Amino acid sequence: MNLLYLVFGENQHNHAQAYFSICSFLSQTEDFDRIYMMTDAPDFYKKLGNRVQILPITQEQLIDWQGEFQFFWRAKIKAIEYVCGLHPDECVLYLDTDTFLFGDINQLKKTLQNPVMHLKEGDLSALKSKTEKLMWQQTGNQSFGGMTINHAMWNAGVVGIPANKGLLITQLALNICDDMLKKEVTRRLIEQFALSVALFETGKLSPVSKFIGHYWSNKEEWNAEIQRLMADSFLKNNTLDDDIQTIGYFDFRKIAIHKRTPNTQRRLRKLIKKWFPSEDKGFV
């Protein structure tokens, strides 16, 4: 199995999430499994040593992968295509940084005989957000990349490509993505939906949420816990093996994966910060 992470920029939260996720997999992976980190900030992964293979990415390559219409998340599909090209006869599992393995990796590997994504969010025609409604209006029962759109939206925090299908799936996803960009479909979920359609059309697509957690809606609490673990590791001078053991025995049920924060609460927080800004009282 080949795991792939894609992380850009200097935001330490993202890199700490990736380290936590990688350690959760390293607690169960075998010698013949590979972990690829595609990043423009390789220094954050020195502690992982040869347990992870770094694939440096430059700004020029990133711009090229964004394509004619300079869509940032098109690079996600291109990154998956790249690793599929390295190992066309093996499965590839792409992971967002805000994920972790809590299930049996051997059972997970069995599911990768077919395409997988994290979970099914629902038929695009029935989803309720403004973006999803608009996307359905723009794409429903129309052809993109040679596919007539009447599909479900799947969560792309995890994307699993079975052996021998990588280039077929990624090329179809790129065709759908580029066609939607050309026809000016609303951009926010294009790469996610393009992957949903491409994987559905090339095999029996199934979810892996019973093996892999994805805390995209509760990053604040998970980031705080991961930062606590990282500080603890630093202060105790833990080795990589120590961290792998700690995360391997971590109680993943202690923090909710999903958390709904009302938009009103977010707006009020922003207003309070604006109306009552903190004041700097002094410096050393």
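Modeller: In this predicted model, the side chains of Glu81 and Lys78 meet in a salt bridge, at 2.8 Å from N to O.

Colleague: Where do Glu81 and Lys78 lie?

Modeller: An α-helix has 3.6 residues a turn, so residues three or four places apart point the same way. Here, Glu81 and Lys78 are both in helix α3, three residues apart, which is about one turn of the helix.

Colleague: Are Glu81 and Lys78 buried or exposed?

Modeller: Both Glu81 and Lys78 are buried.

Colleague: Which residue forms a salt bridge with Arg228?

Modeller: The partner of Arg228 is Glu225, with 2.8 Å between the closest N and O atoms. These two are three residues apart in helix α8, and therefore about one helical turn separates them. Buried means under 20% relative accessible area, so Glu225, at 10%, counts as buried. Arg228, at 42%, is partly exposed.

Colleague: What covers the buried residues of α6?

Modeller: The cover includes α3, α5, β8, β9, β11 and α7. Among the buried residues of α6 are Ile169, Leu172, Leu174 and Met180.

Colleague: In what order do the strands of the open sheet run?

Modeller: The seven strands follow the order β3-β2-β1-β4-β11-β6-β12, with mixed pairing. The edge strands, β3 and β12, each pair on one side only. Strands β6 and β11 run antiparallel and are joined by two bridges; Met117 has Val159 in β11 as its bridge partner.

Conventions
Residues numbered from 1 in each chain as written. Predicted model: local features only at pLDDT ≥ 70, side-chain atom pairs only at ≥ 80, totals over all residues. Heavy atoms only, no water. Pairing = 2+ DSSP bridges. Helix = DSSP H or I, 4+ residues; strand = E, 2+ residues; numbered from the N terminus. Buried < 20%, exposed > 50% of the residue type's maximum accessible area, 1.4 Å probe, protein only. Contact = heavy atoms within 4.5 Å. Salt bridge = Lys/Arg side-chain N within 4 Å of Asp/Glu carboxyl O.
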